[in-house]
Amino acid sequence: MTTLSDRPHTALLVIDVQNGVMADAHDRDHVIANINALIDRARTAAVPVIWIQHSDEGLPRDSGPWQYVPELKRHDDEPLVHKNYPDSFEDTDLESVLADRQVGRIVVAGAQTDICIRSTLHGAITRGYDATLVADAHTTEDLSQYGAPTPDKVVDHTNLYWKFHRAPGREAGVVETADVAF
């Protein structure tokens, strides 16, 4: 139901699954395994896999922490979008990458739930995309010392509110890895 005309396709966005981001991530290994399963299924279905990679002062480009985790292997023909802001659309070429592939629906997995995942989901909906969050394929670190809920609660809350998110002519939703339909 995307509001983007002539964009019938779906893409998988793999957001910021980088060494420095995932070092202290909640349920790290399980989330990465689920993302790997999604990548395999997307590739089998000829669905574009779009890799998003963040950099900033704390995550300098080309550093070890900036690199994607070794468990995930990007194919050379899969687009890599570099970003400096939480919303993967903000000041990047993601929109043109998706437009070139006639994508109107995105499936989102990665990190961090409470920053880049949420920002990208909202950025997608406001730009006319349908946006599905994979409930068991996103994570965050423990920021409870700063007043945030524990990571499991951040993930649960994000799944809850995105499940019920709506916008005119666009669909949001949450689905488990095993139930993702490409």
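Predicted model: local features only at pLDDT ≥ 70, side-chain atom pairs only at ≥ 80, totals over all residues.
## Helix α2 and its buried face

Helix α2 covers residues 28-44, a run of 17 residues, and from its first C-alpha to its last it reaches 24 Å, which is close to the 24 Å expected at 1.5 Å a residue. Its buried residues are Val31, Ile32, Asn34, Ile35, Leu38, Ile39 and Ala42. Viewed down the axis of α2, these buried residues fall within an arc of 160 degrees, so they line one face of the helix.

On the face of α2 that is turned away from the buried side sit the exposed residues Asp29 and Thr44. Just after the helix, Ala46 adopts a positive phi of about 60 degrees.

The side chain of Thr177 is joined to that of Asp136 by a polar contact of 2.6 Å.

When neighbours within four places in sequence are left aside, Thr177 is in contact with Asn34, Ala37, Leu38, Arg41, Val134, Asp136 and Ala137. Among these partners, Asn34 and Leu38 are also listed with the buried residues of α2.

## Aromatic pairs

The model has 3 aromatic pairs. One of them is formed by Phe89 and Tyr129, a tilted pair with 5.4 Å from centre to centre and 40 degrees between the planes. This pair links distant parts of the chain, since Phe89 lies in the loop between β3 (80-83) and α3 (94-100), whereas Tyr129 lies in the loop between α4 (113-126) and β5, and the two are 40 residues apart. Both Phe89 and Tyr129 are buried.

Another pair consists of Tyr161 and Trp162, whose ring centres are 6.3 Å apart and whose planes stand at 75 degrees, so the pair is edge-to-face; the cut-off for that class is over 60 degrees. As for accessibility, Tyr161 counts as partly exposed because its relative value is 23%, whereas Trp162, at 0% relative accessibility, counts as buried.

Technical notes
Residues numbered from 1 in each chain as written. Heavy atoms only, no water. Polar contact = N/O pair within 3.5 Å; in protein donor to acceptor, adjacent residues only side chain to side chain. Contact = heavy atoms within 4.5 Å. Helix = DSSP H or I, 4+ residues; strand = E, 2+ residues; numbered from the N terminus. Expected span 1.5 Å × (residues − 1). Buried < 20%, exposed > 50% of the residue type's maximum accessible area, 1.4 Å probe, protein only. Arc of directions from axis to C-beta. Phe/Tyr/Trp six-rings, centres within 6.5 Å; stacked < 30°, edge-to-face > 60°.
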